[in-house]
Amino acid sequence: MTIAELETTPQIVDILTVANRLTSTERLFLARWLLDSVLVKEIDDETDWQRLSLSTFEADWDNEEDAIYDSWRTAYGLPAR
């Protein structure tokens, strides 16, 4: 699929018109900036999910009912690390 095949909005047409006047170096900078803006957002989203899942796991695991498993090494006769 090429850019010409995509349905464009008037805003995109304006941006492409301006982008065509940029030097190669300026277009590379813009492309890098756009790519980074997408990737950083995805990385931030993934990090947020990991933090959320870890905190939920820790809250679920660290409770009185499961406290008997905290000393599992002793229960199985294994030395502490």
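The structure is a predicted model, in which local features need pLDDT of at least 70 and side-chain atom pairs count only at pLDDT 80 or more, whereas totals for chains, interfaces and linings use all residues. Residues are numbered from 1 along each chain as its sequence is written, and side-chain values use heavy atoms, with hydrogens and water left out.

The side chain of D36 meets that of R32 in a salt bridge, at 3.0 Å from N to O, the criterion being a side-chain nitrogen of Lys or Arg within 4 Å of a carboxyl oxygen of Asp or Glu. By this rule the count comes to one salt bridge. Both D36 and R32 lie in helix α2, four residues apart, or about one turn of the helix, where helices are DSSP runs of H or I with at least four residues, numbered from the N terminus. R32 counts as exposed because its relative accessibility is 54%.

Helix α2, which spans residues 24-61, also contains L54, a residue that is partly exposed at 46% relative accessibility. Together with F57, W61, I68 and Y69, L54 makes a nonpolar surface patch of about 580 Å².

With regard to confidence, the chain averages a pLDDT of 80, and 93% of the residues score at least 70, pLDDT being the predictor's confidence in each residue, from 0 to 100. Confidence is lowest in α2, at a mean of 80, and highest in helix α1 (residues 10-19), at 89.

Terms used: Patches are made of residues with over 30% relative accessible area and no salt bridge: like charges are joined within 9 Å, nonpolar side chains (Val, Leu, Ile, Met, Phe, Trp, Tyr) within 5 Å. Accessible areas come from the Shrake-Rupley method with a 1.4 Å probe; for residues, only the protein chains shown count as cover. Helices (H or I, at least four residues) and strands (E, at least two) are DSSP runs, numbered from the N terminus. Buried means under 20% relative accessible area, exposed over 50%, partly exposed in between (1.4 Å probe, protein chains only).
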